[in-house]
Amino acid sequence: MKNGLTFFPKGVHFFRVSMQLLKAYWQETLAYRGMVIIWGIHSIMVPFVLMFVWLAVERGSNSPYQDGDYILYYLAMPLVMNFIDCWTVFTFPEELREGYFNRQLLKPLHPIWGHVFEHIAAKAFQLLCLVPIVFSISWFMGDYLPDIDFSFRKIALLFFALLFAVVLRFVMNTTLAMTGFWIEHVETLNLVFNQAIWALLGGMVTPIETLPPIFRIVTDVLPYRYTLSFPIEILRGKISNGEIIIGFVVMVCWLFLFSLAGRALWRAGLRIYTAYGG
Amino acid sequence: METSSSIVTRNLCRTFEVRRKSEGFLASLKGIFWPRSNFVRAVSGLDMEIQTGELVGFLGPNGAGKTTTLKMLSGLIFPTSGSISVLGFQPFQRDYEYLGRISLVMGQKQNLWWDLPPIETLAIHREIYNISQAEFRARLDELVEMLEIVDCLDIQARKLSLGQRMRCELAVALLHRPQILFLDEPTIGLDILMQKRVRAFLLNYHERFRPTILLTSHYMEDVIALVQRVIVINRGLKIYDGTLNELSKAARLEKILTVTFQSIPEGFSPLAFGKLIFQEGPRFQVKIPREKAAETASNLYSTGKVLDLTLEEAPIEEVLGELFAS
């Protein structure tokens, strides 16, 4: 209860609060539907460009990825990116700067919940736009795609890998966002620690399996791979059971570490928060 | 009637670190390696006690520490030292039970969701504060009637006028019927008519539900209309705590005399009575010592040439100005 750290409101009305907030954020998302759709289209463009780049570059080389693998990888990527996309690193520092954080802090509900429901609502809407596009392209390129088995085991693994990826990415970004208590523009830190490194070590620029072995050691230890490449690797079905178990263990470790760091930053941040602005 | 203290502060202090930066390119460069900063005491040893159900005006010039105090009392910021107890809670611990019993109104973009109509914000608050549907309906009807916002509820908040938005903000802030209400400049930016409506509402609301209200305002009309007790602070220090009337008596050393002559008496000099404020033909306005007011008026009437004469109290802004100066 101390320092506003209680995560769940007392009693059983949390479900009703969640539904009401989801409804409100859904309406807000619809109010900015144009912007949300453009973001969705943007998240398709980059993987598609990269797909065609690698199809051109790797043709005939000894890469473990063949044409079909690249197509599958970069078709799955926009959907995974839609799930894991997180913008608290932009919105939270802005709330601090503009004073909107004050109103969140004065309510008997942890301010992070607002961000959680905002993400769920926006992603649900984006997914509605993305799924038809991605599936239409998949249908056109069906001849090039490798056969994928959709066993119950794989679907369950994929579900949990995605769920962990979403939570890990949210916690990572939100922890970085907490530095907004000390730094006015966290976006620049995000560019360095999240976007560029994440694009390379997360498997956006090129699939992790195509990186030189020395890079693999780094990608296996750092959290980036698990927030993007890992679910697609499970979908592709060429990952061993041992690697899957290690992947989940690494994710849980990072989740724990970032949660601890986030909690510490939150507590320390509130102590120095000056609540400027209306 | 037995009363108890809702708000108690003892030796409350809050210090802020303020970064300094000189003008120019070299100074900017130097500031990167050798940053300069100093500590500013926004609130300095504030002792305050407010009884349950009181409506208190919290006054002071810009930068006096009023808003900082409200932010500490509501739990937005930590005090540097000293103690606070509001309804028996330490606000900075942000106990949800505490947050469910207070409200802070600060500006017109505090509670309303910008892209949604106010009715949606009210519905969200209903869930967050766990208000039953029947209670919500009853309170909403009451607030809608008192604030006259029936036509605003289904319009996107961003499209409402300033006055409509402020009244909707108040409805949202009061929906959970807070026991403590912190109002920071509730009428700022509103036109005179709207200011009057907000004041009338606050008086009516306080009369009906008796919440403890701490109000800051630069509009003295707000203070005169709403509060009996005032706490005045300047540079973080409390310099007065008492009734509005006593404050006027304590600081108001002069009265304002306005006299209009049929024809100016021979040898009349306003400077003989006090400080001249203005002169327009046969009309003079003079600030005179309070104790000489009656005698001066009598002397002027005895000339037989006075067309009109009024004696007024100095505006309360000036009273506070004198208080701060002393």
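View 1. Burial classes rest on relative accessible area: buried is under 20%, exposed is over 50%, and partly exposed is in between (1.4 Å probe, protein chains only). The residue sits in the loop between E5 and H4 of chain B. Helices (H or I, at least four residues) and strands (E, at least two) are DSSP runs, numbered from the N terminus. B:Ile155 is 40 residues away from B:Asp115 along the chain, and their C-alpha atoms are separated by 9.5 Å.

This is a predicted model: local features need pLDDT of at least 70, side-chain atom pairs count only at pLDDT 80 or more, and totals for chains, interfaces and linings use all residues. Residues are numbered from 1 along each chain as its sequence is written, chains are lettered from A and ligands numbered from 1 in the order in which they are written, and side-chain values use heavy atoms, with hydrogens and water left out.

View 2. Most residues other than glycine have a negative phi. B:Asn130 is partly exposed, at 43% relative accessible area.

**View 3. The largest cavity has residues of chains A and B in its lining.** A cavity is found on a 1 Å grid over the protein atoms alone, as a set of points where a 1.4 Å probe fits but cannot get out; lining residues have an atom within 4 Å of a point. Grid points are joined across faces, edges and corners, and a volume is the space filled by probe spheres set on the points. The structure holds three cavities of 30 Å³ or more. The largest has a volume of about 100 Å³. Its lining has 13 residues; nearest the centre are A:Leu106, B:Ser103, B:Leu104, B:Asn111 and B:Tyr129. Strand E5 (102–106) and helix H6 (162–174) of chain B each give at least two lining residues. E5(B) has the largest share, with three residues. By class, six lining residues are nonpolar, five polar and two charged. Here Ala, Val, Leu, Ile, Met, Phe, Trp, Tyr, Cys and Pro count as nonpolar, Asp, Glu, Lys and Arg as charged, and the others, Gly among them, as polar.

**View 4. The second largest pocket draws on helices of chain A.** A pocket is an open set of grid points with protein on both sides within 12 Å along at least five of seven lines. This one holds about 800 Å³ of space. It is lined by 27 residues, with A:Ile112, A:Val116, A:Val167, A:Phe170 and A:Val171 nearest its centre. Helix H6 (112–140), H7 and H11 of chain A each give two or more residues to the lining. H7(A) supplies the largest share, 10 residues. The lining has 18 nonpolar, seven polar and two charged residues.

**View 5. Six aromatic residues of chain A form one cluster.** The members are A:Phe92, A:Phe101, A:Phe181, A:Trp182, A:Trp266 and A:Tyr273. Rings of Phe, Tyr and Trp (its six-membered ring) pair if their centres lie within 6.5 Å; planes under 30 degrees apart count as stacked, over 60 as edge-to-face and the rest as tilted. Over all chains there are 31 aromatic pairs. A:Phe92 and A:Phe181 pair edge-to-face, 5.6 Å centre to centre, with 75° between the planes. A:Phe92 lies in helix H4 (residues 88–98) and A:Phe181 in the loop between helix H7 (152–178) and helix H8 (187–201) of chain A, so the pair ties together parts 89 residues apart in sequence. Both A:Phe92 and A:Phe181 are buried. A:Phe101 and A:Trp266 also pair edge-to-face, at 5.8 Å and 90°. A:Phe101 is in helix H5 (residues 101–105) and A:Trp266 in helix H11 (residues 241–272) of chain A, so this pair links parts 165 residues apart in sequence. A:Phe101 and A:Trp266 are buried.
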